[in-house]
Each structure stands twice: as C-alpha cells, then as structure tokens.
Amino acid sequence: MDLLNTLVDKGLRRELPTREEALAVLATSDDDLLDVVAAAGKVRRHWFGRRVKLNYLVNLKSGLCPEDCSYCSQRLGSKAEILKYTWLKPDEASQAAAAGVAGGAKRVCLVASGRGPTDRDVDRVAQTIAAVKEQNEGVEVCACLGLLSDGQAERLRGAGADAYNHNLNTSEATYADITKTHTYADRVDTVQKAHAAGLSACSGLIAGMGEKDEDLVDVVFSLRELDADSVPVNFLIPFEGTPLAKEWNLTPQRCLRILAMARFVCPDIEVRIAGGREVHLRSLQPLALNIANSIFLGDYLTSEGQAGKDDLAMIADAGFEVEGTDQVTLPQHRVDAAAAAKGCGSHGDSGCGSHEGGGCGPCGSGVTAAEAVDAPVADSNEARTDLVAVRRRGAGTDLAPNA
C-alpha cells in the first residue's frame, strides 16, 4: 500500500504524518492488518530493535479517589469491588517493587489515587523512592500521583524520580464527557510541569470509550506535541460498578490499528501496551510487540494481568528480548536533546502509565455510556467480562504479587 510505504519513510525520518494519513491507518481493513503491523514493525525495529522494556506497577494507595473519571474503578462513587487501602509504608512499597524487578522490570511505577499530592504526600513518596532505589540497584522510578502543584515536580526529581506519568486519556474535545472534576488543560499543565522539572514525561491515552477515530488521532498528535518520552496506550477495562461497564467497543484488530497509528505518529518514542491488553488483544498480544516496545509486567493497579512468567514466555516466543538495565530505552538523539534542553545530563528514558485510575496509571477508561451512544464504533466486540479480574494479590494484601 502506498499509504504504508509513505508512513514507514516518514517514521524513519521522524516526520509527522498528516492527520489524514493517521486516520487512514485506523480505517484499514482486516485484510490489510498484517501489512499495517509489518509497516509499523519496521519503524519500531529501526528505533528500538527487538528490545521490550518491562515496567512494574506498585499501587501505593488504592481506591477512595475524589475525582469522577468515568473509566476508573477508583473513582468517586465507584461500586467496583476493588482493594481499598491507604498509603503503603516505604518498606512495603520497596518489597512490592523488588518482586517486579526480580521478574525483569527495568522501571517501577509508583501510583497513588487522588486528585493530586499534598506536600506531605510528596515527602512520603520521596521516602518510598529512596527505599526502592536503595534496595534495587539501577532501577528507574516513575511517579504517578495526579495533578501537580508548583514545585512538586522539582521535589520529586530531587528525591530521585526519573519520570512522571499523567495521561491525557482522550482528546480535548471530548475530555469533559469523561471527567467533570478537572479539565484537559489541568492534565496538560501537569505534563508540562514534569517536563520542565527535568523529569521524563510519560503521558498516554485510553481507547475504547466510545470515542471517534478523530479523537484518537487528536490525542496522539497532542502527545507528540507535548514531547512525551513515553506514550502508554490503554484499552478500556469495563469494570462493573463504573459508568463505562457496558462499553465493549474494541476488537484485537482495532487495538492493533490504534497501536500502529500511535507508532507512526510517535516513531522514536516509547510506545507501551498498558492496561487492558489481556482483555482486548487476547491471543494477538504477540503481534502487538511488533509495534510497541514496552509493556507492563504482571498485574495493574486494580485488575489482574497475565502471569508474569507468561509475559516473559510471550516475549521470547515472539523473537524479542527483555531490555536490560544497562541499555538506554530511547534513541540517543532524544536523550541528547533532553540533556541539552534541561542542562541536567538526562531526564530519563521514559514513563509509565496505565488506566486503572489513581494519579492516572492503568485502570479503565471512557466517556459515559449515555454520551457514547452516538459515537460511531468501527468494530463490534463481544463483552468478555470473564477477562476482567479484580486484583486480590500483591500490594495491599498478604498474597505474593504477580511478577
């Protein structure tokens, strides 16, 4: 296809596709799907080889969030039967992180539910970062705590954080449909604060909320404009007890097209398959590794993921390799540009991000079901509620974590 040849050429030159080209990727047929994956794979391998970066989530504080994000199992008014607990102690969080690092994770993402951290919360997380880094040599730490106030990003960086995650989730045009308690501009401001403080900016999206193709393209273009180092692509986990429980708009094929579009728009940026990959990609997860260069290992914030050993087997069987702590995730030109812009050496490799709520890490996602009725859906997808398993192990429990 001329379209795919053009997109590969642009991707190898880091040239931004047109909006029409990005929309055309989402509109390709299932007959062309393998060609789309192969084309995106050429761009992925050019910038990232066959390496897969593993990231591990530690939910520092689960549930009881005052924000009303429609996709989130931790939202205000959520009836989802998730784990609820207050802040983990630094040593508890460090022990949870160690399980992920032992399983091959290069980055630990520390996530806490809530609108944003207080200064006391930042102090608490700073102690946790120190504990994690002391116990796990060479590990990267990404914080995901919600909206940041002035000076908090600098304090987190001073405490040793490498990155900050705050997802845009959807387009500016539809953002008010999914959240009323804060704005799209609030989210952009937090990403910019993190970036300005020298933290690696991680920001992504949630697909499957009833959005239009134009919304997906808009949010990915915005993420490129924000110069995020990492773009986690979440697929809505329709938790029972949330407004989006009945939103099953994704097929494995559509998920692959969304990932491919993100790769073409963000060719040299870490594209991570985040929350919902097991629910929606299912047996096509290995194909997605040809597009994305990063995944979460094991469980998410409030839902259980694929067994960690199965993640590792999938990577090996697909012909990929786990990225080591001695390897730099991003292409050197991005590392050099960040160092020059910040005058601070390097602002880290990439971020985290997953849509299970809490600061914006992986959880669920969406516009409200009522508001999504009129949104065109490219594919219909059978509800697979059997694949949505609430996390009952790891952080906040007495059971061993999945890593």
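Reply: R272 sits in strand β8. Strands are DSSP runs (E, at least two residues) and helices likewise (H or I, at least four), numbered from the N terminus. This is a predicted model: local features need pLDDT of at least 70, side-chain atom pairs count only at pLDDT 80 or more, and totals for chains, interfaces and linings use all residues. Residues are numbered from 1 along each chain as its sequence is written, and side-chain values use heavy atoms, with hydrogens and water left out.

Me: Is R272 buried or exposed?
Reply: Buried means under 20% relative accessible area, exposed over 50%, partly exposed in between (1.4 Å probe, protein chains only). R272 has 0% relative accessibility, so R272 counts as buried.

Me: Which side chain does R272 contact?
Reply: E270 and R272 point one way from β8 (residues 270-273), V271 and I273 the other way. A polar contact is a pair of N or O atoms within 3.5 Å; within protein, one must be able to donate a hydrogen and the other to accept it, and residues adjacent in sequence count only if both atoms are side-chain atoms. At 2.7 Å, the side chain of R272 has such a contact with that of E270.

Me: Which residue in β8 is the bridge partner of V233?
Reply: Strands pair if DSSP finds at least two bridges between them. β7 (residues 230-235) and β8 pair in the parallel sense over four bridges. The partner of V233 in β8 is I273.

Me: Which residue in β9 stands opposite I273?
Reply: β8 and β9 (residues 294-296) pair in the parallel sense over two bridges. Opposite I273 stands I295.
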